[in-house]
Structure formats: C-alpha cells, structure tokens
Amino acid sequence: MFKTLIIILLSSVFVDNYVLSRFLGICPFLGVSKKLDQATGMGIAVTAVMLLACAVTWPIQYFVLNALNMGYMQNIVFILVIAALVQMLELLLKKFSPSLHKGLGVYLPLITTNCAVLGVAINNINDGFTFIESIVSALGVGLGFLLAMVLFSGLRTRIHDANVPAPFRGLPVTLIAASFISLAFMGFGGIVENIFK
Amino acid sequence: MRKDSNLDVLTKGILKENPVLVLILGTCPTLATTGTVDGAVGMGLAALAVLLCSNVFISLLRNIIPETMRIPCYIVIIAGFVTIVKLFVQAYLPDLYATLGVYLDLITVNCIILGRAEMFASKNPVVKSALDGIGMGIGFTIALTAMAIVREVLGNATFAGNSIAFLEPYKISFLTKAPGGLLVYGLLIALVYVITKGKAPLKKSFSCAGCPNAATCHTACTEKGDEQ
Amino acid sequence: MLKNIKSVGVLVAICSVIALLLALTNQITAPIIEKNSAAAANKALLEVMPEGKGFEQVDMSKYTLPATVTEAYKETSGKGYVIKLTTTGYGPGMVIMCGVSADGKVTGAVCLSSNETLSKEKEYGKVFAGKDAAAVEATDTIGGATMTTGAYKNAIKDALTSAKVLGGENVDVRTPEQIFQDNLAAALPAGEGKFTKMFLTEVLEGVDAVYSADNGAGYVAIVGEEFAGIEAEAPTAYPAIADAIKAMTESTLTDVDLTAYEGIHKNVTSAKKTAGGNYVLEVKGAGYGIVGGDEYHPASGEYIVIRVSMTADGKIIDCLTVSQAETPNLGSVCGDESFSSRFDGKTEADIPAVEGIGGATMTTDGYKTAILRCFAAVQILEGGAE
C-alpha cells in the first residue's frame, strides 16, 4: 500500500512528468517561467488547485456520475467544477489572506483552462486510482510541474542573456531548451519501478 | 480580395494566422499527438469538428449569452461538443481513440477553440464563424500533420504506419519521444520565421487578447515582441 | 440582481441543452462502444475461433478437466469451446489457447507466452487447424524442439478432451500416469496408493514390472495388461509369481571381484551375482561429453550412473538410472523410468535400435555405450567362470 503510493508519487514527479513527458500544461510552462519567483508562485498555485480538484472530482465521478450512469458528462462537470473551485479559492484567499492572494492570486485565473489540471483529474479516473492514490498522484503531478518550472526558469535567465540567431529568438530557442530538459528527464525512465524491487 | 471576405476568413487560418505555427496556440496537443501521422490527423480533424460546431453554436447564441457569464457558457458548449466527438470517435474509430487517449478530452481546454469563440464567433455571423472554424481547423491539422511527418519519418522510419525501408538504419528514435516533439516544434517555428522573413504577424490582437490564458500568453507575447 | 438571475438562467439553459445532446449521442454510441470493448476482450479468443460470435467463460468447478486447463470459454452460438492451458515445454509457463469446434476439431491455436528457447512455438499453433485428436498426434514436430512440440501437442489434446467434457461427454481426463497409479491402488488396496518400482534381479516369467507397496503390504506385478496384487503375507492369487518375488527378495547377492578379470571397462564399477546366476552391474555412462568417449557432463561434472541386471547369457532383466546430471529437460530424460525401461528384455544386438532421447544424442549415445559395456563385462565374467 505504502509502496504503491511512493511509486505513484515518484513516477508522477519524475518519470511521467506532465510537462516534460506528457505535454500537459505547456502554456504556463512557457509563459510564466521567465523569472524564478513567478515560476515558483505558479507551480505552488497549480499544485494547490490540482489537489483540490482531484479531491472534489473523484467523489463526483464515483458517487454522482457513476451512480447516475452518466459517465459521458465527465468532461463538462469536471471543467465546471474546476472553474468554480478556482473562483472560490481566489475569493477566499482575497478575503482571508490578502498577502497570499497577492503572491498566488494572480496565477489562479490562468489555471482554469490549464490542461494539466483537467488532465490529472481525468487520468486519475482512467487509471482506476483509489481516493488516496488520486490525491498522491495529484500531489506528485503538481510537484513535478513545480520542479519543471523552477528548473526551466533557471535555464531561461541564461538564454535571456545569450546571443541567439534571429530565427530562433523567443519561442524557438525556449522550446529547444525545454527539449533538453525533457531529454534529461527521460533518464528517470525505469528507475522508479526498479527501485523497490 | 477584401480583408474580411468569406474566402479570406476561410484561408487566413491555414497560413497567415496558422493557430499552431503563428499564433502559438494549442501547444499541448501539438506536442503530444504528433508522434505519429495517424494521431496528428485524427487530433486535427477532431479539433476541427469541435471548432466548427462550437463556433456555429456560439455565434447563434452570441446575442443571448450574457457578457458576465460568457466564459463558463463557452466552456460548457465546448466541453459538450468535445464529449460528443469523443463518443463518436470511441464508437466508430476505436483505434484512433486508443491513440489519442486523454488528449481527446483535453480538446476542451485547447486555447484555440476558446480563443476563436471569444475572438471571432462571439462577434461574427454564423456563416463567417463556421468558415473561421473550418479554416482554423484545417490550419491546425496541417501544422500537426507537418510536424508528425517530420517526427514519424525521421524518428521511426515509417509514414502513417507504413515502413520506409531505406531510412530504417538512420532513424533518430528520440524524435518520436517527448524531447523530440519540443525540438521539432522549435525548429518549425524558426523555419516559419525564415520563410516569412520575420514578418509572421505575431500581434497581440491575434493570440492573446481573447485567450482565457491572456495573462500567461501576455508574458510570452511581450517577451517575443521585445526581442524582435 | 435580475440580471444575475438571467445570466445564471442562460447558463443553466445551455447546460441543459448540451446535456440533452450528450444523452442523445450516448444513446447512439453506447451500444457500439460496448460492442467494441467486448470485441477487444475477445480478440485472442477470436484468433483461435475466427467464426465465433461471442464468448462466455465457463465455470470450471462444475467439470473435471485436465490439470493443464486454466480457463475455458463457450462460444455462445454453440460453435464450440476455447480452452486456455498452461503447460511445461522445455521451460515452465507455456500458455496456449486452443479453439475446438463442436465436432471436436481444432479451429486454431496460439501460444500466448512461453519461455521456450526456440520461439518457433509462436507460429506452431497454425499447423493444428482443422485436425482432430489423431491428426494432432501425427503432426510434424518442430525440428530440434521435441520437448516444446510434445508439450504443445499434449496441450492441444487436453484442449480437445476438455471440449468433450464441457460438451457433456464422459471422458477419462486422467493422465496415463494417474491411470497407472489408480490401477496399482486398485490391485492392492492394502498398499494405500503408495508404490515404488522394484529393481528386478531375476527373470520373472511373464512379468513386466513389479511394484512394492511402501508400507510393506505386498506387491503388484504387471503381467501384460493385468495388474496382479500380491499380499506379502499369505498371498491368495498368483502363487507362482508370489513365490518368484519372494525368492528374489530373499536371495543374497555375491560380490564379484572385477580386478580378477581382464578387459572389463573401467566404467563398470561393480558387479554382483544373484542366486539365480544373473548379474547386477553398476556402470558409469558418459553423458553430454564426447560421443562414445569417457567424458562426464561438462557442466555438471557428473556421470550418468546406471544399474543393470542381466542374465548370464546376455539379456537385460531390468535397467535403472541411479543418478544423472544431464541438461534439464533434454538429457535428463534418461533419468525417467520411461527411458530406462526401454532397455528391459533387450539383448546386445537390440541396443542400437532402442529409441533415443530427442534432442539429446550425446546422452543417448553415452547411455547406450555404458549398457554395451555391461554386456561385454558379463561375457568376460561368464568366460572367466568357465
């Protein structure tokens, strides 16, 4: 049981990193990774929303949609639930913790249509995870996102200072740099499964 | 050709405002489904279908949907059509369904579709919105297919699943994996820059203003603008 | 306020319309999707029974099926059965799926997974299509993979048997080994089902083999097709055989000093003479070494040790492999009684014709060479006695 959870956590952080090997959440990865503090803030906000979203969507899937035999409503219900959650989180933060809202709040509206959040919610259902496993998986995916963001922001400050040929300026060189980080993450493949043997 | 003629609306998505290579929208499916030509064409056509339906539907309702509630309304409509397309793919094209997996669901959060709803369909009549949807969908499909051809032919020495024997010893298998997707995408955008001699219209009005990820994209756009 | 309510109302209305559309789509696609997933699950089943319409798993606990059968499926329109079996070829864990038509013929067979060395078994299943039990037996084997094909054929035959059982026929699904054990137990109930084959040192007229009960209750002599039960105390039937066995078990063996004779091969390690004038010899056989030479198995470093009892005029009474360390599942077959008993009743001239072990030529040659050395030894011993 405990071993399964550790495997789920580690593989979603390293092996199946949503950004670097599953291509989910690329937009904020490219957009908000310019500075380290922005990257960290976005990463934490995404992790929080993922945890919350999975904690809510899992019971909805099993106790409402499956019970009513309405699995086909999954997509609509999940995206609405995530949008509502994000709105509520923002309002709550604004009211009770203005300082935190100042730090994270600006990133929250961006997360509504972040495909990584919807992706982890749907994948948890598709993979047949239990509730605990879903939460652990969401945590792992969020931490993996944070890790990728932080690593990449370090790289981008270097690119920013470099003299890049004109056609590669801006997005192309950023994508190629991301490709190298992704290549490095491929090295984790197979490690997690074998660590506990 | 007038700037806003029907033909122009239809064709602008294919090259001039190509959503993937020029507007840089919908990057997630672009990277994720272009490992094989089959997957890329399937993804492109599925997105086209959703785009067409949602554009028409939203354009029809553009005077009914209240301003404050428009984003949730758009999301519901798009998620609905995504599910319909998904169910039909699952029923009639099970192989494609297995290839695309969760990315089919994630068309819902593809910013191309929400972006077109916000930027075009909510302001234009039905016929034009439909043409815009078809044009953008074709542009998306073409860009995806082009990327997939590069990745599959060079990476796996196959084309749409058919083996290309003489390339077999030279295949660069990492191209079909995640890093190869990012690399090929970067190179293709650079190539478009070279072809258009740096005149690709990377204006805010196309990509960011209407996108729900506006603030996110904004960062990327201003950066791009600054550097050019 | 009114504006807000109106906004929410529009959203709810749109949600309802979309939900309705989805429900309609679901109505159309749900049965097709269900059919697709069922078809995917049945893919392997359809491969071995292409004409199958649908399959349902059979509750195996209601039937007595061969031990190799792990799953059984019934074709819903009555075209036959698909049987999944796990068997041991050259290595354990060979999983085979076999379709059997209603008239008892193989519709197709595939090997789903195996640990065989030759991987030819992947394609082998095709040759069985359309065959019945007798035709399966006559099918060509894969060259160089006797164990694999043997196990494959047995699995196919088990599948054919299973289909008969599932079809309601009363079929004996016991393996030949089980049948034999059951016959032994029936012949001598006092033996409580536990018997050990006796090594015969005397010629027992008409008797092929003798099994002694482990609890000392008596013996079972196999006379042709007949199983003759003989109680240790006061045997009631087969008095002649009973007496002969008694004489054999009570007679003492005299050691023969081999060093007193010249020309006896060094691999013949001991010889004893029985009361009836027969010899019991122990001989070391060169196993998987150099053909006809004196080598032991190069990997295990051990000889095959064989015990042979022989009449003075050169006819084998009984033959037993005492120990061997040949390649598992190939040369190691020489340790099986089914192999050593092939030499029973043979004379020197018969030996070359004795059927060898498939895929283990060297072991067979080494074994036969060792036996021939026993004949030579007995000739010298007899010559010396004269």
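Author: Helices within and between chains

Helix 3 of chain B (residues 37–60) has 24 residues and reaches 34 Å from its first C-alpha to its last, close to the 34 Å expected at 1.5 Å a residue, where the expected span is 1.5 Å times one less than the number of residues. Helices here are DSSP runs of H or I with at least four residues, strands are runs of E with at least two, and both are numbered from the N terminus. Because 17 of its 24 residues are buried, helix 3 of chain B is largely enclosed by the rest of the structure; a residue is buried if 20 or more other C-beta atoms, placed from the backbone, lie within 10 Å of its own, exposed if 12 or fewer, and partly exposed in between.

This is a predicted model, in which local features need pLDDT of at least 70 and side-chain atom pairs count only at pLDDT 80 or more, while totals for chains, interfaces and linings use all residues. Residues are numbered from 1 along each chain as its sequence is written, and chains are lettered from A and ligands numbered from 1 in the order in which they are written.

Chain A comes to 11 helices and zero strands, and 48% of its 197 residues count as buried.

The contact between chains A and B takes 42 residues from chain A and 45 residues from chain B, two residues being in contact if their C-beta atoms, placed from the backbone, lie within 7 Å. Helix 10 of chain A gives the most to the side of chain A that touches chain B, with 10 residues. That side divides into 28 nonpolar, 11 polar and three charged residues, with Ala, Val, Leu, Ile, Met, Phe, Trp, Tyr, Cys and Pro counted as nonpolar, Asp, Glu, Lys and Arg as charged, and the others, Gly among them, as polar.

The contact is made by residues including Ile76(A), Ile79(A) and Ala83(A) of helix 5 of chain A, and Ile75(B), Ala79(B) and Gly80(B) of helix 4 of chain B.
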